Amino acid sequence: MAADYVDWLRREGRIVIVGASLAGLRAAETLREEGFTGSLTLIGDEPYEPYDRPPLSKSVLLGKASPEHTELPRRRHLDAEWRLGVPAAGLDLTGKRVLLADGEEVEYDRLLIATGVRARPWPVAEEAELDGVFVLRTRDDAVALTERLRAGAKRVVVIGAGFAGSEVASACREMGLEVTVAERAGAPLVGALGGVIGAVAADLQLENGVDLRTHVTVTALEGDPMGRVRSVHLSDESVVEADVVVVSLGSLRNTEWLTGSGLGAGPRGIASDAGCRAFDFRGIVTDDVFVAGDVARSPHALFGYQFLSLEHWGNAVAQAETAAHNMICPASDRRPHMWMPAFWSSQFGVNIKSVGVPPMGDELMIIQGSTAERRFVGVYGYQGRIVAAVTFDNARWLEYCQRQIEQGAPFPVEYPTMDRRPEGRRPVAADFPDPALPTHGPTVTLTGYSPADRRLVFTPATTDRRPAPVPSGGRPRRSKDLP
């Protein structure tokens with residue numbers, strides 16, 4: 001009798017998915033593809049059905065795609081109830097109910113949480129509300145920013161030189177706009193790829209006409225009497241005029257609605273096991289609540305079983321499919337989520353791709369091409385093995401690098417791996433910033449070993465009014481300065 005009831009739950013019960021974006025959609029499709037015939041409800045805080053986010057900072061800003069035509073393709077008909085435009089406000093684990101912001105409740109037998117992340121706002125509310133200050137995460141954000149850029153904007157200031165900020169700067173330069181990028185670290189992309197690669201990214205920005213300011217923080221956004229932004233004040237006491245400011249300070253995981261629920265959820269994300277089952281705050285795994293996508297943090301066997309938080313398109317799809325499968329299959333058929341982290345970006349005419357976990361690496365070795373040519377393959381090493389790789393306009397080697405990571409290949413590389421082996425190359429320090437300091441742009445975050453660890457401290461740049469240290473000459477380090 002008990003077995004029949006469990007099978008009924010798996011195939012004909014009530015499944016609720018909170019998060020109606022990429023991960024939520026792919027999970028729902030997988031549930032139907034694998035035979036789930038029960039009630040299926042998707043809850044989303046935006047009023048739109050799932051759409052693709054990567055084009056928003058690339059082709060949409062450039063006018064090559066319409067924000068309204070970025071809908072994700074459907075693999076099949078879902079036969080689902082969509083509750084859009086109403087965010088989840090709470091979770092009752094005991095009563096198995098999702099509480100909505102409009103006061104309604106949705107009951108479930110099994111729950112998938114895929115609430116993703118949101119853009120970190122400018123921390124000073126009255127400055128964030130100035131006309132001309134934007135973030136870029138949602139379709140509405142893209143519409144508003146695109147309209148302003150095309151309505152006669154003259155100078156744009158981008159705060160934060162991670163991937164998103166750098167892509168916005170690239171699009172603005174392609175549109176012919178004057179762009180200043182302010183970054184507290186020593187170069188763009190350092191949080192994601194380290195200082196060696198960051199120096200190459202700095203050269204790209206400078207050579208494409210970006211006014212790149214590094215080792216500085218933004219201390220204030222100033223508005224005119226009409227409430228429109230007009231200038232940005234930096235910690236080196238300089239002032240940059242601006243009629244558009246794009247705040248690109250990374251993301252916040254959407255977990256606040258779970259406060260008091262009993263789940264192991266916090267600023268780092270929602271902890272889950274390798275099978276996507278959520279942990280509670282005591283570190284005990286649940287069996288009816290699952291997690292997928294950007295909001296999840298889960299252990300990965302290839303990276304010391306540390307919990308990883310991944311803001312990757314491919315990870316959202318793969319983890320959603322694994323979670324959906326495990327929600328309805330017999331316990332003996334469950335499978336682990338073992339997707340290899342991978343990321344790509346297009347900026348200033350260069351295609352950047354990575355696999356593995358670059359921030360885990362303490363050394364970097366260029367094994368193909370050269371940084372001076374902006375066409376190369378670099379591998380990251382940690383404790384004698386390859387843990388990640390990055391390519392600039394050389395993506396054909398990524399599959400090979402991925403196999404090396406999966407096989408635990410030794411580092412440094414001591415054998416010819418490519419069609420032409422660079423001579424005289426040796427590992428150098430990857431030069432990642434202190435992980436205790438906030439940076440703009442890691443797409444893979446190592447979050448320790450405890451499933452109940454919810455500690456995270458972020459100090460907004462505006463709270464530090466002291467000038468940041470500036471290297472000799474006050475300029476970003478360039479790749480030609482590297483050893």
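## The main core

In this predicted model, the largest nonpolar core is made up of 42 residues. Leu193, Val379, Tyr380 and Phe392 have the most contacts inside that core. Several helices and strands each bring at least two residues to this core: the helices are α6 (190-193), α7 (195-207) and α9 (398-406), and the strands are β23 (307-310), β25 (350-356), β26 (363-370), β27 (375-382) and β28 (385-392). The top contributor is β28, which gives 6 residues.

There is also a second, separate core, with 29 residues. Val60, Val156, Val181 and Val246 are among them.

## A sheet of six strands

Next, look at an open sheet whose 6 strands follow the order β24-β25-β28-β27-β26-β29, with antiparallel pairing. Its edge strands, β24 (342-347) and β29 (428-429), each pair on one side only.

Strands β27 and β28 run antiparallel and are joined by 7 bridges. Tyr382 has Arg385, in β28, as its bridge partner.

## Helices against the sheet

Helix α9 packs on the sheet, where α9 touches β25, β27 and β28. The directions of α9 and β28 make an angle of about 165°. Helix α5 (residues 163-174) lies across β24 and β25, and runs at about 25° to β24.

## The whole chain

Stepping back, the chain holds 9 helices and 30 strands. Of its 483 residues, 55% count as buried. The chain exposes about 20,200 Å², with carbon and sulfur atoms supplying 50% of that area. Among contacts between residues at least 6 apart in sequence, 67% join residues at least 24 apart.

Notes:
Residues numbered from 1 in each chain as written. Predicted model: local features only at pLDDT ≥ 70, side-chain atom pairs only at ≥ 80, totals over all residues. Heavy atoms only, no water. Helix = DSSP H or I, 4+ residues; strand = E, 2+ residues; numbered from the N terminus. Buried < 20%, exposed > 50% of the residue type's maximum accessible area, 1.4 Å probe, protein only. Contact = heavy atoms within 4.5 Å. Areas by Shrake-Rupley, 256 points an atom, 1.4 Å probe, with all protein chains shown as cover. Core = buried A, V, L, I, M, F, W, Y, C linked by side-chain atoms within 4.5 Å. Pairing = 2+ DSSP bridges. Axes fitted to C-alpha atoms, helices over the stretch in contact; angles between N-to-C directions.
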